[in-house]
Amino acid sequence: MKTRLIIFLACCLLPLGGCEDSNKALPDAVRAELVKDLEFGMFICWSFSTFSGVEWTGEPHEPSFFRATKCNTDQWAKTAKDAGMNYILFLTKHHDGFCLWNTKTTELKVTNAPLERDVLKDLKKSCDKYGIKLALYFSEGDWNWPEAQRGKGMKGGINPEVKKAQLKELLQDYGTIEFIWFDAAVGDGGLSHKETVEWVHQFQPNTFCGFNDLEAAGRLSLRERGSPGPLGGDGLTWVETAGKNEKEYTGYLAAEFTYPLLPEHKGGAQWFYSLPVHDTLCAPAEKIFADYLGALKYRNIFSLNIGPDYQGNIREIDVSTLQKVGQMIQDHQAK
């Protein structure tokens, strides 16, 4: 109750619409509570790796490699809403450099693919339609940039000005961004994490930044393949650096954890759509709900990963599982 009162009073001191205005910086304590209130969301991974069948698509491809001709962002947002989710975390660019928005920085983008649509723009409209907030995933490195070694971890190339230009587009053209999930698996792209946070906050000071590896920075701790728990807890993520950062870095105000809805299996990707032969595999609703309860207990946010299929649809088994989770959440809230 005290926290809610602080948020209310802080918002009253801002200009009309202050809580929704991404250009008006909120006090850290207030903004942290709003981020924690996101609670549960859907992490959408849809890109080259959907079609390569592996997690990292290291070899070069033309935009046409992204062969989808349909994209059902309304289904994504409605499924999230039915599951009791409050946001969608959308992959804008993986390490291969293929951009899922109509960027001006490269021709390697979805509007040059057969789909010919700005997927992020479509998703923003769908999120607004269903009352879902938006967060973004962004690979800091890019195997198309100078000094890159394709397919290699921490070898994503150096191009800080393009990194900055891409982030500027994402932050200026697609409305309020709740947080950015920065993937440092192939390096930071030549712009340090501290500099990256400063750049992001020039455009949206309330956007939380999180980094899954390398130097600690920002206000959000990321637990890739992680679990719920208190800030600074033990064994909450498989990324050693991230776990160490959470224990030692004092700047974190909230924590997020994520893992794929598709269980581990042989052949095919896991974070992205795998293969039709795996369409009967899905984590049980009971596990998802248990981790949702853990997120509530520790005031974490829980991003459950989903990989849409070749035509941009969430698998039927994922939809039915998430509907069960949504009913469990409704029953829990009704108690």
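Colleague: Does Tyr-273 count as buried or exposed?

Modeller: This is a predicted model, where local features need pLDDT of at least 70, side-chain atom pairs count only at pLDDT 80 or more, and totals for chains, interfaces and linings use all residues. Residues are numbered from 1 along each chain as its sequence is written, and side-chain values use heavy atoms, leaving out hydrogens and water. Relative accessible area (1.4 Å probe, protein chains only) under 20% means buried, over 50% exposed, and in between partly exposed. Tyr-273 has 5% relative accessibility, so Tyr-273 counts as buried.

Colleague: How many aromatic pairs does the structure hold?

Modeller: Rings of Phe, Tyr and Trp (its six-membered ring) pair if their centres lie within 6.5 Å; planes under 30 degrees apart are stacked, over 60 edge-to-face, and the rest tilted. The number of aromatic pairs in the structure is 24.

Colleague: What kind of pair do Phe-182 and Phe-211 make?

Modeller: Their ring centres are 4.9 Å apart and their planes lie at 10 degrees, so the pair is stacked. Phe-182 belongs to strand β4 (residues 179–183) and Phe-211 to strand β5 (residues 208–211), so the pair ties together parts 29 residues apart in sequence. Strands (E, at least two residues) and helices (H or I, at least four) are DSSP runs numbered from the N terminus. Phe-182 is buried at a relative accessible area of 0% and Phe-211 is buried at 2%, and the kind of pair they make is stacked.

Colleague: Which kind of pair do Tyr-273 and Tyr-310 form?

Modeller: The ring centres of Tyr-273 and Tyr-310 are 5.0 Å apart, with planes at 75 degrees, so this pair is edge-to-face. Tyr-273 sits in the loop between β7 (254–260) and α9 (285–298), and Tyr-310 in the loop between β8 (301–306) and α10 (316–334), which places the two 37 residues apart. Tyr-310 is partly exposed, with a relative accessible area of 30%. The kind of pair is edge-to-face.

Colleague: Which residues of helix α8 are buried?

Modeller: Helix α8 covers residues 240–248. Its exposed residues Glu-240 and Glu-248 are carried on the face turned away from the buried side. The buried residues of α8 are Ala-242, Asn-245 and Glu-246.

Colleague: Within what arc do the buried residues of α8 fall?

Modeller: The arc is taken from the directions that run from the helix axis to the C-beta atoms. The buried residues of α8 pack against β6 (220–224) and β7. Seen down the axis of α8, they line one face of the helix, because they fall within an arc of 100 degrees.

Colleague: Which elements do the buried residues of α5 pack against?

Modeller: In α5, the buried residues are Val-119, Leu-120, Asp-122, Leu-123, Ser-126 and Cys-127. Down the axis of α5 they fall within an arc of 155 degrees, so they line one face of the helix. On the other side of α5, Lys-125 and Lys-129 are exposed. The buried residues of α5 pack against α4 (73–82), β2 (87–93), β3 (133–139) and α6 (160–173).

Colleague: Which residues does Asp-122 touch, not counting residues up to four places away in sequence?

Modeller: Asp-122 is found in helix α5. Asp-122 has a relative accessible area of 16%, so this residue is buried. A contact needs heavy atoms within 4.5 Å. Not counting residues up to four places away in sequence, Asp-122 touches Thr-73 and Arg-117.
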